[in-house]
Number of protein chains: 2
Amino acid sequence: MPPNGSNASQCTPMDPMHPNAPQCAAAKRSRESAVPLPEETPVREVAPSGKRVGMRLVSWNVAGLRAWLRKGGLKWVQDAAPDVLCLQETKCGAESVPPEVRDLQALPHQYWASPEGKPGYSGVGLLCRCEPLRVTYGIDDPEHDPSARVLTAEFPSFFVVCAYVPNAGRGLTRLQPRLRFDAAFLSYLSRLDAIKPVALGGDLNVAHTELDLRHPSANRRSPGFTDEERRGMDAILAAGFLDAFRVMYPALPHAYTFWTYLGGARERNVGWRLDYFLISERLRPALCDCKIRPRVMGSDHCPVELYLAL
Amino acid sequence: MPPNGSNASQCTPMDPMHPNAPQCAAAKRSRESAVPLPEETPVREVAPSGKRVGMRLVSWNVAGLRAWLRKGGLKWVQDAAPDVLCLQETKCGAESVPPEVRDLQALPHQYWASPEGKPGYSGVGLLCRCEPLRVTYGIDDPEHDPSARVLTAEFPSFFVVCAYVPNAGRGLTRLQPRLRFDAAFLSYLSRLDAIKPVALGGDLNVAHTELDLRHPSANRRSPGFTDEERRGMDAILAAGFLDAFRVMYPALPHAYTFWTYLGGARERNVGWRLDYFLISERLRPALCDCKIRPRVMGSDHCPVELYLAL
DNA sequence: CTTTGCAAG
DNA sequence: CTTGTAAAG
């Protein structure tokens, strides 16, 4: 998720750390026209193939699994009852997963990753109703695998990848390693895709187009909306993956999955679409729907759902 | 204040860090007979000298001035309306004192001390209705003065000293520096007392006698109740100071000023008397009363009041 | 603004 | 258990 000033910076695009930023944000807040959430529509139950939804996946950046649990995030998951749950920013290793999550009857096959020696930072989880054929950690890259940001579950007919793409950092201090991750990650996805179709759920830490964040022009050089990061997303799509949400809703505005905690951004829907399901093109016939659930609380991100006829 | 296990250790006196400590504490909790707070009695308004209360002092370890303010601690102070307020563990330097405190009309002369380069740690404050003749920082000792634990205000007829005596640390890891502080501090008090009478208010981080904590036998080697620390208190009294509360209430049990936040100690009055007013013996004729206010919330310590006919 | 871990009590 | 802190988002 973008840093401190990324949503407040709308007023002073050249300097998100400007001393007047809060004042400016407050002024902006009062002037800003209310932006509604997209209308809620029913899930399309039938895929282009004619088959009906057979598998549901949820991806959610929980911004701290334990706080998310306290805030009731798990209750929504239990109602949604996905077959696969991809969690990002768990901020806890397997040993610290609370029992309420660890002992979930509906999702008994659980895989957790967390960077060595950085407790409370980053971390991903992949929870499955059915046991995968196999689960792998990382993207087979020595630079990036210690950061423990990717989990892959192999099922008979497809891979599920859970990913938490690194943030470029305040002041873009970590843009270069981020871009190297993007390249290595795309290479990994392509290798998987050569074997079986892929469904990727995760926080990709990029708003792809101007439609994908509330204030594009103010965030031209903000982490999560640099040209370089956006081109990384272009590259994934060019390599044969689909942005499932945009396939379903090609021009829907104000559909965001992240709102900074600063300055009451969420209540005004000043957000970013950073969380995605990407699917191999040959899964298009199986794509029933992809839903963003912006009203679901528990984190500064909301969950995203993917419905597949598989 | 005593460390983590100091109140829970009653069950396993030899090992406060025993893995079963929480379980033990829970068991103890259910068995433990309820211990009432001492009965509230009216303030004695007339001193042995026959004169009436003319000056009120309050000492309070606030365990974080900003949190204490949020919890409404200042409201009680405003009602109590002391002439001098001694605060310990402010955990903030002068520059971080919230405006609500900084701009107090009733206590406009304020002096704050905080250790260099340790923000959020320790810290004391001395707030006065009338401007002191002079205020000094520390105890004129190069080992201890950087820790910024003592403030002294000189008034025409007496000194007021605000002190936060260092904790001996978990496992008594800092007992030796603590004992050196005790010696240097007593030397300092004696030098003051040779000039004018002294009224010292503060967290002395010691329960003097078995009457001064709920579980003396379990805490024989706990910080705040070692023989060495208790002898330090003996030494102050032997040097010509009075424990104002004990002068007034020589045998009153269960009169505590601190309760660990752990395990619900306060609701069961499992506490320690660590906060004192000590006065020069020649102030005895001026001693009207000294009150512990155990129902006043805002910190893990409660305030103590000293009433003098001055 | 919020989370985490940390040191300290 | 609670404080304040830092790093991170």
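This is a predicted model: local features need pLDDT of at least 70, side-chain atom pairs count only at pLDDT 80 or more; totals for chains, interfaces and linings use all residues.
Me: Which residue does B:Arg180 form a salt bridge with?
Reply: The partner is B:Glu143, with the closest N and O atoms 3.0 Å apart. B:Glu143 sits in the loop between β5 (134-137) and β6 (150-154) of chain B, and B:Arg180 in helix α5 (residues 175-193) of chain B, so the pair ties together parts 37 residues apart in sequence. B:Glu143 is partly exposed, with a relative accessible area of 41%.

Me: What about B:Arg220 and B:Glu210, how far apart are the closest N and O atoms?
Reply: 2.3 Å, in a salt bridge. Both residues lie in the loop between β8 (198-203) and α6 (227-238) of chain B, so the bridge ties together parts ten residues apart in sequence.

Me: How many salt bridges over all chains?
Reply: The count comes to 32. Among the residues involved, A:Asp212, A:Asp243, A:Arg246 and A:Arg273 are linked in a network.

Me: Switching topic. Where does UniProt place the "binding site" feature?
Reply: The unreviewed entry puts it at A:Asn61, A:Glu89, A:Asp203, A:Asn205, A:Asp300 and A:His301. They span 241 residues in sequence, but no two of their C-alpha atoms are more than 13.1 Å apart, so they gather at one spot.

Me: And A:Asn205, buried or exposed?
Reply: Buried, with a relative accessible area of 2%. Its side chain reaches the backbone oxygen of A:Val165 at 2.8 Å.

Me: Where does A:Asp300 lie?
Reply: In the loop between β11 (287-292) and β12 (304-308) of chain A. A:Asp300 counts as buried, at 9% relative accessibility.

Terms used: Residues are numbered from 1 along each chain as its sequence is written. Chains are lettered from A and ligands numbered from 1 in the order in which they are written. Side-chain values use heavy atoms; hydrogens and water are left out. UniProt positions are given in the numbering used here, feature names are shortened, and annotations may be inferred rather than shown by experiment. Buried means under 20% relative accessible area, exposed over 50%, partly exposed in between (1.4 Å probe, protein chains only). A polar contact is a pair of N or O atoms within 3.5 Å; within protein, one must be able to donate a hydrogen and the other to accept it, and residues adjacent in sequence count only if both atoms are side-chain atoms. Helices (H or I, at least four residues) and strands (E, at least two) are DSSP runs, numbered from the N terminus. A salt bridge is a side-chain nitrogen of Lys or Arg within 4 Å of a carboxyl oxygen of Asp or Glu.
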